[in-house]
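Here are a few friendly notes to read alongside the model. They cover a helix pair and then the salt bridges.

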Amino acid sequence: MSVCVELLVFSARGGALHYAPHGAQVIGDRHPDAVAAALAGNPPDLTVLHSTSWRYAEGRVVLTYAAVLDGTPGPGARELPEHGIARSPDPRRPSPPQVCPDAVATHAARHLAWLRETDPVAGAALAAVPNVWNALGIHIPAPAGVIV
């Protein structure tokens with residue numbers, strides 16, 4: 001089974017959170033963290049890199065990472081609309097039948113907002129990017145799987 005890394009680079013403009021998706025397959029024994037950092041370009045301004053979720057899609061496992069660089073939206077960044085979290089209608093089948101990119105990004109934003117409040121190291125790093133810090137303030141902080 002193949003493993004793919006999905007990187008969502010978060011930024012903000014005008015008080016709104018933006019994200020740009022990137023992806024790559026994990027080849028050989030390369031660590032998914034290293035693949036995610038490489039997708040971000042391994043820049044010196046990489047502020048936060050955090051794994052936020054995984055899902056099975058199209059015959060592969062997709063590991064999603066959230067990254068914050070300098071907070072400025074780059075090419076391909078789009079505003080994160082108000083969106084709910086994808087959930088399964090069947091309590092015996094945890095995977096939702098469909099997961100759209102905005103639902104994955106919303107989940108990751110809620111996870112970053114949770115880290116902002118609960119993880120002193122990640123919180124300090126996010127505080128160094130004030131526009132992203134402020135934009136995360138409108139998202140409900142929640143770890144994976146928490147329904148609020």
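1. Helix α2 (residues 101–118) and helix α3 (residues 120–127) have axes that come within 6 Å and cross at roughly 110°. Axes here are lines fitted to C-alpha atoms, for helices over the stretch in contact, with angles from 0 to 180 degrees between N-to-C directions. Helices (H or I, at least four residues) and strands (E, at least two) are DSSP runs numbered from the N terminus. The two helices are therefore roughly perpendicular (65 to 115 degrees).

2. This is a predicted model, in which local features need pLDDT of at least 70 and side-chain atom pairs count only at pLDDT 80 or more, while totals for chains, interfaces and linings use all residues. Residues are numbered from 1 along each chain as its sequence is written, and side-chain values use heavy atoms, leaving out hydrogens and water.

3. On the α2 side, L112, L115, R116 and T118 are in contact (heavy atoms within 4.5 Å) with P120, A122, G123 and L126 of α3. The residues of this contact comprise five nonpolar (Ala, Val, Leu, Ile, Met, Phe, Trp, Tyr, Cys and Pro), one charged (Asp, Glu, Lys and Arg) and two polar (the others, Gly among them).

4. R116 also forms a salt bridge (a side-chain nitrogen of Lys or Arg within 4 Å of a carboxyl oxygen of Asp or Glu) with E117, their closest N and O atoms being 3.0 Å apart.

5. The structure holds two salt bridges. R55 and E6 pair at 2.9 Å, N to O, linking strand β3 (residues 48–57) with strand β1 (residues 2–13) across 49 residues. E6 is buried, at 16% relative accessibility.

Notes
Parallel < 35°, antiparallel > 145°, perpendicular 65-115°, else oblique. Buried < 20%, exposed > 50% of the residue type's maximum accessible area, 1.4 Å probe, protein only.
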